[in-house]
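Work through the exercises below with the sequence and the model open. Each task is followed by a solution in steps.

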Amino acid sequence: MDFWFSEIQTQNVKLSIRVNQQLYSGKSEFQRIDVFESPEFGRFLVLDGFLMLTERDEFIYHEMITHIPMAVHPDVKKVLVIGAGDGGVLRELCQYPEIVSIDMVEIDPMVVEVCKKYLPQTACCFDDARLNLYYEDGLRFVRSKEDVYDLIIVDSTDPFGPGEGLFTKEFYGNCFMALNQNGIMVNQHESPFYEADALACQRVHKRIVETFPISRVYQANIPTYPSGHWLFGFASKTYHPLKHLDENRWNKRGISCGYYTTTLHKGAFYLPAYVEQLLRDVEHIKNEKVR
């Protein structure tokens with residue numbers, strides 16, 4: 001008998017992946033956690049029925065949410081990561097020796113422990129000496145911070161359940177205060193393709209635009225995420241993601257990536273017309289060639 005995992009992406013669309021075996025199933029204080037193994041995507045993590053990552057394509061998400069800001073900001077010393085219990089963002093950050101400290105705030109300790117055991121490909125840097133791991137609510141944590149961080153990466157789940165508070169105007173305002181004068185915030189921005197996801201994307205973008213003087217959106221193709229077309233937000237007090245990209249500086253690092261390049265970096269900010277219109281509706285920007 002064939003076994004399949006299916007994620008309902010809309011009322012009319014679902015993604016199904018053939019499963020070899022279920023490696024873990026448990027319920028934490030916050031959510032149900034499942035880990036499956038599949039012949040096509042390797043092991044994959046599911047929270048409350050929603051696919052979070054697969055071994056096959058997780059590198060795309062984690063490289064694009066991490067290396068984009070690191071190739072722009074010239075001097076990142078202190079980083080705050082909110083969410084990211086799978087460890088993928090941490091893995092990418094740990095390739096930068098100039099980073100002095102990484103504060104990581106994850107609400108659910110069980111996610112971290114499960115990923116350490118079953119997804120070591122991503123959860124491989126939790127022993128880095130620069131990491132300070134806090135198991136608490138990210139919204140509450142960031143309220144007490146002011147002028148601390150060079151970079152904040154918001155690797156949240158979807159805008160409901162445990163991650164709901166990480167999509168509010170209050171949260172983005174608190175992130176703005178927690179960043180120093182040259183700080184950058186990057187967040188996962190949802191998908192623009194299906195109607196309900198597009199509305200969520202607009203709400204998030206509107207709140208960020210109202211908070212940060214520089215706010216741009218970029219894209220990546222992630223096969224197992226809804227529609228395969230995924231957006232990220234780049235928000236900053238000072239740095240523009242294209243004008244301040246230093247290709248030579250980043251390329252000299254010799255970081256090996258499977259998806260990110262500095263050429264792709266530039267292209268990722270040139271968005272399809274339907275996404276431009278989606279964002280323009282909340283930005284009130286009519287004529288802008290480069291986002």
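Buried means under 20% relative accessible area, exposed over 50%, and partly exposed in between (1.4 Å probe, protein chains only). This is a predicted model, in which local features need pLDDT of at least 70 and side-chain atom pairs count only at pLDDT 80 or more, while totals for chains, interfaces and linings use all residues. Residues are numbered from 1 along each chain as its sequence is written, and side-chain values use heavy atoms, with hydrogens and water left out.

**Exercise 1. Strand β13**

Task: Determine which residues cover each face of β13, and which strands pair with β13.

Solution. 
Step 1. Helices (H or I, at least four residues) and strands (E, at least two) are DSSP runs, numbered from the N terminus. Two strands pair if DSSP finds at least two bridges between them.
Step 2. Count the burial. Eight of the eight residues of β13 are buried.
Step 3. Sort by face. In a regular strand the side chains alternate between the two faces of the sheet. His229, Leu231, Gly233 and Ala235 are buried on one side of β13, and Trp230, Phe232, Phe234 and Ser236 on the other.
Step 4. Find the neighbours. β11 is joined to β13 by five bridges and runs antiparallel to it. β12 also pairs with β13 in the antiparallel sense, over eight bridges.
Step 5. Check one position. Ser236 is the bridge partner of Ile184, and Ile214 stands opposite Ser236 as well.

**Exercise 2. Aromatic pairs**

Task: Classify the ring pairs Tyr218–Phe232 and Phe193–Tyr274.

Solution. 
Step 1. Apply the cut-offs. Rings of Phe, Tyr and Trp (its six-membered ring) pair if their centres lie within 6.5 Å; planes under 30 degrees apart count as stacked, over 60 as edge-to-face and the rest as tilted.
Step 2. Start from the total: the structure holds 16 aromatic pairs.
Step 3. Take Phe193 and Tyr274. Their ring centres are 6.4 Å apart and their planes stand at 85°, so this pair is edge-to-face. Phe193 is in the loop between β11 (179-188) and α6 (195-209), and Tyr274 is in helix α9 (residues 273-283), so the pair ties together parts 81 residues apart in sequence. Tyr274 is partly exposed at 37% relative accessible area.
Step 4. Take Tyr218 and Phe232. With 5.2 Å centre to centre and 20° between the planes, this pair is stacked. Tyr218 belongs to strand β12 (residues 214-221) and Phe232 to strand β13 (residues 229-236), 14 residues apart.
Step 5. Widen the view. Tyr218 and Phe232 belong to one aromatic cluster with Tyr61, Tyr225, Trp230, Phe234 and Phe269. Phe234 is buried, with a relative accessible area of 1%.

**Exercise 3. Salt bridges**

Task: Locate the partners of Arg253, Lys116 and Glu247, and place each pair in the chain.

Solution. 
Step 1. State the criterion. A salt bridge is a side-chain nitrogen of Lys or Arg within 4 Å of a carboxyl oxygen of Asp or Glu. The whole structure contains 16 salt bridges.
Step 2. Arg253 meets Glu98 at 2.6 Å, N to O. Arg253 lies in the loop between α7 (247-251) and α8 (262-268) and Glu98 in the loop between α2 (88-93) and β8 (101-105), so the pair ties together parts 155 residues apart in sequence. Arg253 is partly exposed at 28% relative accessibility.
Step 3. Lys116 bridges to Glu113, with the closest N and O atoms 3.8 Å apart. Being three residues apart in helix α3 (residues 109-118), Lys116 and Glu113 are separated by about one helical turn. Lys116 is partly exposed at 35%, and Glu113 is partly exposed at 43%.
Step 4. Glu247 bridges to Lys266, with the closest N and O atoms 3.0 Å apart. Glu247 is in helix α7 and Lys266 in helix α8, so the pair ties together parts 19 residues apart in sequence. Glu247 is partly exposed at 27%, and Lys266 is partly exposed at 32%.
Step 5. Note one network: salt bridges link Glu58, Arg91 and Glu92.
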